[in-house]
Amino acid sequence: MLKEFKSFVMRGNLIELATAFILGLAFAAVVTSFTNMVLGVISYIVGGHVSFDGLGVHRGTSIVIPYGRFLTAVVSFLIVAAVLFLVVKAYNRATGRGKEESKTKTCQFCFTDIALGATRCPSCTSYLEEATAS
């Protein structure tokens with residue numbers, strides 16, 4: 001049983017997953033800090049404190065339905081999503097990902113995606129102009 005446990009723990013996937021999780025936590029801290037900074041800048045520009053926590057349905061002096069916390073969470077989520085989008089976009093540009101070569105072409109008659117080397121369309125059985133020209 002100890003040998004099985006050792007082989008389970010020492011598997012490459014588990015180590016990679018643990019590393020990714022730890023890096024994810026560290027990155028989450030960076031993004032949270034950035035989000036707080038952006039909210040701070042917005043509050044400085046607006047001239048107040050950007051927090052919707054005080055909003056809600058009031059009954060007397062207490063808040064019955066605190067929808068303001070939800071609004072604050074939505075704004076934070078949108079900022080985090082925008083930051084992650086920009087980070088992934090920059091990463092893809094730096095590594096050259098996302099520019100995969102197409103393995104299909106479009107039939108000029110029925111507009112179906114077909115393999116690049118095809119001489120006839122499997123959907124409409126038309127001869128393809130590019131194949132007959134070459």
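Rings of Phe, Tyr and Trp (its six-membered ring) pair if their centres lie within 6.5 Å; planes under 30 degrees apart count as stacked, over 60 as edge-to-face and the rest as tilted. By this rule, the count is 0 aromatic pairs. This is a predicted model, in which local features need pLDDT of at least 70, side-chain atom pairs count only at pLDDT 80 or more, and totals for chains, interfaces and linings use all residues. Residues are numbered from 1 along each chain as its sequence is written, and side-chain values use heavy atoms, with hydrogens and water left out.

**View A. Arg-120 over the ring of Tyr-127.** The charged end of Arg-120 lies 4.3 Å from the ring centre. A charge sits over a ring if NZ of Lys or CZ of Arg is within 6 Å of the ring centre and within 35 degrees of the ring normal.

View B. Cys-110 is partly exposed, at 29% relative accessible area. Cys-124 is partly exposed too, at 27%. Buried means under 20%, exposed over 50%, partly exposed in between (1.4 Å probe, protein chains only).

**View C. Buried residues of helix 3.** Gly-68, Thr-72, Ile-79 and Val-83 are buried here. Helices are DSSP runs (H or I, at least four residues), numbered from the N terminus. Gly-96 follows helix 3, with a positive phi near 80 degrees.

Conventions: Helix = DSSP H or I, 4+ residues; strand = E, 2+ residues; numbered from the N terminus.
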